[in-house]
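Dear colleague,

Please find below the structure that I am handing over to you. I would be grateful if you could look through it together with the notes that come after it.

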Amino acid sequence: MDIMEVTGFANANPVAFIATVDGDQPRVRAFAMWYADETGFYFHTGSTKDVCQQLRANPKVELCFFDPGDGQGAGRQLRVEGTVEFLEDPALAGRLYEERPWVRAITAEGDTRLAIFRVAHGAAWFWTMAVNLHEREQERVRF
């Protein structure tokens with residue numbers, strides 16, 4: 001297993017559940033991941049949203065991507081733990097507006113309400129029911 005298998009799975013199943021912490025309360029929500037490659041898992045959100053404030057206060061996250069398979073217990077999930085990095089890169093923001101034009105309806109280029117972030121360092125592993133009782137033993141890909 002390598003980072004290409006991990007990012008390939010994430011790109012094929014781009015709805016990611018992101019777990020954060022709000023004080024001592026865990027929070028989880030679904031995100032439409034922008035893309036993943038060997039440099040990390042890329043997302044964007046509004047800088048005024050609670051999730052952004054939670055990520056800035058504690059950048060440690062866990063992501064979960066899921067392929068339900070046949071829906072009868074044959075699903076596979078990718079879990080990713082790591083640390084969020086916020087990116088202030090006008091070229092990257094321009095790429096986001098080009099690839100996701102609907103973001104332009106929410107924010108304009110240079111708008112401080114847009115927050116782009118990635119998880120660039122951490123570990124990723126796959127889980128299925130076949131390894132249900134052996135999760136800690138699963139091979140991790142460090143990135």
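The notes below describe the nonpolar cores, the salt bridges, the aromatic pairs and a surface patch. Please bear in mind that this is a predicted model.

Nonpolar cores

The largest nonpolar core comprises 25 residues. Those with the most contacts inside this core are Val 6, Phe 41, Phe 43, Leu 63, Phe 65, Leu 78 and Val 80. At least two core residues come from each of the following elements: helices H1 (3–12) and H2 (50–57), and strands S1 (15–22), S4 (40–46), S5 (60–67), S6 (76–87) and S7 (114–127). As general background, nonpolar side chains in soluble globular proteins tend to be buried together.

When neighbours within four places in sequence are left aside, the contacts of Phe 43 include Ala 16, Ile 18, Leu 63 and Phe 65.

Salt bridges

Six salt bridges are present in the structure. In one of them, the side chains of Glu 62 and Arg 79 meet at 2.5 Å, N to O. Glu 62 belongs to strand S5 and Arg 79 to strand S6, so this pair ties together parts that lie 17 residues apart in sequence. Glu 62 counts as partly exposed because its relative accessibility is 23%, whereas Arg 79, with a relative accessible area of 19%, is buried.

Arg 79 also forms a salt bridge with Glu 135, where the closest N and O atoms are 2.1 Å apart. This second pair links distant parts of the chain, 56 residues apart: Arg 79 is in strand S6, and Glu 135 is in the loop between S7 and strand S8 (141–142). Glu 135 is partly exposed, its relative accessible area being 24%.

A further salt bridge joins Glu 85 and Arg 118, with the closest N and O atoms 2.8 Å apart. Since Glu 85 lies in strand S6 and Arg 118 in strand S7, the pair ties together parts 33 residues apart in sequence. Glu 85 counts as partly exposed at 25% relative accessibility. Through shared partners, salt bridges join Glu 62, Arg 79 and Glu 135 into one network.

Aromatic pairs

The count of aromatic pairs comes to ten. Trp 34 and Tyr 42 form an edge-to-face pair, with 6.5 Å from centre to centre and 90° between the planes.

Phe 86 is in strand S6 and Phe 117 in strand S7, so the pair ties together parts 31 residues apart in sequence. Phe 86 is partly exposed at 22% relative accessibility, while Phe 117 is buried at 1% relative accessible area. Ring pairs also link Phe 31, Phe 43, Phe 86 and Phe 117 into a cluster.

Surface patch

On the surface, Val 15, Phe 17 and Val 28 form a nonpolar patch, with about 280 Å² of accessible area together. Val 15 is located in strand S1 and counts as partly exposed at 46% relative accessibility.

With kind regards

Methods:
Residues are numbered from 1 along each chain as its sequence is written. This is a predicted model: local features need pLDDT of at least 70, side-chain atom pairs count only at pLDDT 80 or more; totals for chains, interfaces and linings use all residues. Side-chain values use heavy atoms; hydrogens and water are left out. A nonpolar core is a set of buried Ala, Val, Leu, Ile, Met, Phe, Trp, Tyr and Cys residues joined through side-chain atoms within 4.5 Å. Buried means under 20% relative accessible area, exposed over 50%, partly exposed in between (1.4 Å probe, protein chains only). Helices (H or I, at least four residues) and strands (E, at least two) are DSSP runs, numbered from the N terminus. Contact means heavy atoms within 4.5 Å. A salt bridge is a side-chain nitrogen of Lys or Arg within 4 Å of a carboxyl oxygen of Asp or Glu. Patches are made of residues with over 30% relative accessible area and no salt bridge: like charges are joined within 9 Å, nonpolar side chains (Val, Leu, Ile, Met, Phe, Trp, Tyr) within 5 Å. Accessible areas come from the Shrake-Rupley method with a 1.4 Å probe; for residues, only the protein chains shown count as cover. Rings of Phe, Tyr and Trp (its six-membered ring) pair if their centres lie within 6.5 Å; planes under 30 degrees apart count as stacked, over 60 as edge-to-face and the rest as tilted.
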